[in-house]
Amino acid sequence: MQAYHVHPGKNFDGIVAFQRTLPAPGPYEVRVRIRAVALNYRDLMVIRGDYNGGDAEPVVPASDGAGDVVEIGDEVTRFKVGDRVATTFFANWIEGRQTPEKSKDSFGGLIDGALAEEIVVSQDSLFRVPAHLDYHEAATLTCAGVTAWNSLFVEGRAKPGDSVLLLGTGGVSIWGLQLAKAAGLQTVITSSSDAKLERARRLGADVTINYATTPDWHEEVLRATGGEGVDVVVEVGGAGTLKKSLQATRMGGTVAIVGGVSGWGSELDPFQMIRGAKHLSGVYVGSLAMLEDLARFVALHRIKPVVDRVFPFAQARAAYEYLDSGSHFGKVVIAVD
């Protein structure tokens, strides 16, 4: 059975195919034939050595895998052979409050992930995917989908009629746009590409802002919201955007910090947060329970996640390089056929 290893700190040269043999599933384990793997910015951090450190052991990468159940352990009750499933991001965060113990093992981080023809995992590390999604689309729920869900509806507590600011047109932001529109939120999205902004409008974005031609984009957000600011910001930029994201947030609103594409350092004005009663909330993906809520919502609203490009399994490195280029709109996926 073929899989990939990544060697943290070696960048693209550390993405290496190898052969492995998996054990039979234990009593509570499930064997899954993987059909598609979705990549995330976290996967670039892993190959650079920015996630667990450059001297970390090689790991099978990627958290996001979708496929078919092909074998189950004797005590498995949640699935049967033939079920279409996808992986969770964390092996042990099933529900409830996030804790260090529940967050310790993330697939493709410290433990082997999904970029393989088959995997064997606990039945509690999988969820059923909506029937209307193909495998490429289903794989995108695991990280980007549930991160957007957690940001908007768990930490952000958004409700119909609220407004959300989405930064850029990567996987989390486009997922956020689709979920927000289905939930009746006003959506504002930014990009440096007018072509990508036009695609966002076709997905239902209410306000689009080119941050390259409008460097003070936070002021445009305020104008679009009658001077009040948005209820929730899904903040993926980090050091280069956080200050303006706070300025674009209404009094009492929430900035859900999910990434740091432009770096991790930032200057914050505590008085601005106190005077505005604004909330900063770190969002570290989500639990199995959140994924199941997301899957039900996606099925109810027939949401089709945006997959930008699909690469064959043999071209995994090319998929990583394309993600790193920033050319994508939505998700980059590897087909495991």
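**Figure 1. Salt bridges around Asp13, Arg317 and Glu321.** Asp13, Arg317 and Glu321 are joined by a network of salt bridges (a salt bridge is a side-chain nitrogen of Lys or Arg within 4 Å of a carboxyl oxygen of Asp or Glu). The structure contains 20 salt bridges. This is a predicted model, in which local features need pLDDT of at least 70 and side-chain atom pairs count only at pLDDT 80 or more, while totals for chains, interfaces and linings use all residues. Residues are numbered from 1 along each chain as its sequence is written, and side-chain values use heavy atoms, with hydrogens and water left out.

**Figure 2. The salt bridge between Glu292 and Arg78.** The side chains of Glu292 and Arg78 form a salt bridge with an N to O distance of 2.8 Å. Glu292 belongs to helix α10 and Arg78 to the loop between β4 (64–72) and β5 (84–87), so the pair ties together parts that are 214 residues apart in sequence. Helices (H or I, at least four residues) and strands (E, at least two) are DSSP runs, numbered from the N terminus. Glu292 is partly exposed, at 27% relative accessibility. Buried means under 20% relative accessible area, exposed over 50%, and partly exposed in between, with a 1.4 Å probe and protein chains only.

**Figure 3. The salt bridges Glu137–Lys304 and Lys159–Asp162.** In the salt bridge of Glu137 with Lys304, the closest N and O atoms are 3.0 Å apart. This pair links distant parts of the chain, 167 residues apart: Glu137 is in helix α3 (residues 135–138), and Lys304 is in the loop between α10 and β14 (307–312). Glu137 is buried, with a relative accessible area of 10%, whereas Lys304 is partly exposed at 40% relative accessibility. The side chains of Lys159 and Asp162 also form a salt bridge, with an N to O distance of 3.6 Å. Asp162 is buried, and its relative accessible area is 10%.

**Figure 4. Packing of helices α1 and α11.** Helix α1 (residues 41–48) and helix α11 (residues 316–325) pack with their axes 10 Å apart, at an angle of about 110°. Axes are lines fitted to C-alpha atoms, for helices over the stretch in contact, and angles run from 0 to 180 degrees between N-to-C directions. The two helices α1 and α11 are therefore roughly perpendicular to each other; angles under 35 degrees count as roughly parallel, over 145 as roughly antiparallel, 65 to 115 as roughly perpendicular and the rest as oblique. The crossing of α1 and α11 is left-handed (the near helix is turned anticlockwise from the far one by less than a right angle; clockwise is right-handed). Tyr41, Asp43, Leu44, Ile47 and Arg48 of α1 make the contact with Tyr320, Leu323 and Asp324 of α11, where contact means heavy atoms within 4.5 Å. The residues of this contact of α1 with α11 comprise 5 nonpolar, no polar and 3 charged. Ala, Val, Leu, Ile, Met, Phe, Trp, Tyr, Cys and Pro count as nonpolar, Asp, Glu, Lys and Arg as charged, and the others, Gly among them, as polar.

**Figure 5. Helix α5 with α4 and with α10.** The axes of α4 and α5 come within 8 Å and cross at roughly 55°, and α4 and α5 are therefore oblique to each other. α4 passes α5 in a right-handed crossing. On the α4 side the contact has Ala144, Gly145, Thr147, Ala148, Trp149, Leu152 and Phe153, and on the α5 side Gly171, Val172, Trp175, Gly176, Leu179 and Ala180. The residues in the contact of α4 with α5 divide into 9 nonpolar, 4 polar and no charged. Helix α5 (residues 171–182) and helix α10 (residues 288–301) have axes that come within 11 Å and cross at roughly 65°. α5 passes α10 in a left-handed crossing. Trp175, Leu179 and Ala182 of α5 make the contact with Leu294, Phe297, Val298 and His301 of α10. The residues of the contact of α5 with α10 divide into 6 nonpolar, 1 polar and no charged.

**Figure 6. Surroundings of Thr254 and Ala158.** Thr254 is in strand β12 (residues 249–257) and is buried, with a relative accessible area of 3%. Leaving aside neighbours within four places in sequence, Thr254 is in contact with Glu155, Gly156, Arg157, Asp231, Val232, Val233, Thr249, His279 and Ser281. Ala158 is in the loop between α4 (144–155) and β8 (163–167) and is buried at 14% relative accessible area. Not counting residues up to four places away in sequence, Ala158 touches Leu152, Phe153, Leu185 and Val232.
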